[in-house]
Amino acid sequence: MTASLNAAVLHLGRQYPDWQPWLTVIEEVLREATDAKWEALVAEPPQSQESKVPLLAGATLSIDIIAVGRWSERLMRAAYRSGAPKMSTLDGVQHKRLNSVDLFKSSLCQNDKWLREAAVELDVDADALQAVALLIPVPFLQACNRRWASSIAESWTEGYCPVCGAWPAFAEVRGIERSRYLRCGRCGGGWQAQCLSCSYCAMTDHEELVSLVPEKSGSNAAIDACKRCHGYVKTFTTLQGSPPANVMVDDLASVDLDIAALEQGYRRPEGAGYSLDIKIAPKPGFSERILSWRT
């Protein structure tokens, strides 16, 4: 984790002391994302990208299950030791058995149904398990973005990420050209998007699109929302895009915009923007790992 990113996390902790347990988990993810082992798990991208299809969609991944399992254990341990009441229930997972391939695949594909059913079986808080589990594939996804960014089709203007299919965390209006880019909070990717268009339902009728601007003067932020699907995207005017590793923290730092959007009746869609349908084949010599958290 870079010094500037570490400083940003520390600033958030001072600004929102109640967030410290969650920031402890985020810090664990940001540190892990810099580990070179994740680069070795990323295959070569397709030679060309199909229209409207993320690069990860339909892929068969060869994964080092031991490495993934150890990382999952460490993240869950950081979560239940963080002190947050809901995340402390994840301590109960250490007495259960959970298949690491199923967990990684469901988290990678944002399979909310599987994660909630797993929470019931494990007798842990469903929201806590889902929130933490969805962070497990982030180091792998960021490695995918680093290796595959140059393979994204230049014509890509979909509302979901061209690498992993996730909905955007926010948008950036960059430079003097004021080109609009969407940013992915999972892989850190960025892609050019259509202006005056809803990222979720593709609405282009300007009478159905609204922009909510903070009352404080001089703000570079706004909320672009759609009156038809009630979706919203936070939008920042900036000279250049945020580094991929910073996107997750930048998203957290602008939570006041999320609150304002929710108060006005807008929301982010649940789940992924595109169903990935991933297959996972453990690397030769590695059997599927059953996770059992240990204190």
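This is a predicted model: local features need pLDDT of at least 70, side-chain atom pairs count only at pLDDT 80 or more; totals for chains, interfaces and linings use all residues.
His230 sits in the loop that runs between β7 (221–226) and β8 (232–238). Its phi is near 65°, a positive value in a residue other than glycine.

Ala202 is not a glycine, yet it has a positive phi of about 65°.

Select Ala245, which lies in the loop between β8 and α9. Is Ala245 buried or partly exposed? Its relative accessible area is 32%, so Ala245 is partly exposed. Show the residues around Ala245, leaving out neighbours within four places in sequence: the contacts are Leu5, Leu30 and Gln142. Ala245 and Val53 are 192 residues apart along the chain, and 24 Å separates their C-alpha atoms.

**Salt bridges around Arg268**

Move to Arg268 and display the side chains of Asp251 and Asp258 with it. The side chains of Asp251 and Arg268 form a salt bridge, at 2.9 Å from N to O. Asp251 belongs to helix α9 (residues 247–253), while Arg268 is in the loop between α10 (255–263) and β9 (279–282), so this pair ties together parts 17 residues apart in sequence.

The side chain of Arg268 also meets that of Asp258 in a salt bridge, here at 3.7 Å from N to O. Asp258 is in helix α10 and Arg268 is in the loop between α10 and β9, which puts the partners 10 residues apart.

Colour these residues by accessibility. Asp251 has a relative accessible area of 17% and is therefore buried. Asp258 is buried as well, with a value of 10%. Arg268, at 29% relative accessibility, counts as partly exposed.

For another of them, select Arg74 and Glu28, whose side chains meet at 3.2 Å, N to O. Arg74 is in helix α3 and Glu28 is in helix α2; the two residues are 46 residues apart, and the pair links distant parts of the chain. At 16% relative accessibility Glu28 counts as buried, whereas Arg74 is partly exposed, with a relative accessible area of 31%.

**Trp38**

Select Trp38, in the loop between α2 (20–32) and β1 (60–63). Its relative accessibility is 0%, so Trp38 counts as buried. Which residues is Trp38 in contact with, once neighbours within four places in sequence are left aside? They are Glu32, Val68, Trp71, Pro139, Phe140 and Ala143. Then pick Leu252 and draw a line between the C-alpha atoms of Trp38 and Leu252. They are separated by 24 Å, and the two residues are 214 residues apart along the chain.

**Helices α3 and α7**

Select residues 65–80 for helix α3 and residues 126–133 for helix α7. The axes of α3 and α7 come within 10 Å of each other and cross at roughly 135°. This angle makes α3 oblique to α7. The crossing of α3 past α7 is right-handed.

Show the side chains where α3 and α7 meet. On the α3 side are Leu75, Met76 and Ala79; on the α7 side are Leu129, Val132 and Ala133. What classes of residue make up the contact of α3 with α7? Six are nonpolar, with no polar and no charged residues.

**Ser106**

The last stop is Ser106, placed in helix α5 (residues 100–108). Its relative accessible area is 6%, so Ser106 is buried. Not counting residues up to four places away in sequence, Ser106 touches Asn111, Trp114 and Leu115.

Technical notes. Residues are numbered from 1 along each chain as its sequence is written. Side-chain values use heavy atoms; hydrogens and water are left out. Axes are lines fitted to C-alpha atoms, for helices over the stretch in contact, and angles run from 0 to 180 degrees between N-to-C directions. Helices (H or I, at least four residues) and strands (E, at least two) are DSSP runs, numbered from the N terminus. Angles under 35 degrees count as roughly parallel, over 145 as roughly antiparallel, 65 to 115 as roughly perpendicular and the rest as oblique. A crossing is left-handed if the near helix is turned anticlockwise from the far one by less than a right angle, and right-handed if clockwise. Contact means heavy atoms within 4.5 Å. Ala, Val, Leu, Ile, Met, Phe, Trp, Tyr, Cys and Pro count as nonpolar, Asp, Glu, Lys and Arg as charged, and the others, Gly among them, as polar. Buried means under 20% relative accessible area, exposed over 50%, partly exposed in between (1.4 Å probe, protein chains only). A salt bridge is a side-chain nitrogen of Lys or Arg within 4 Å of a carboxyl oxygen of Asp or Glu.
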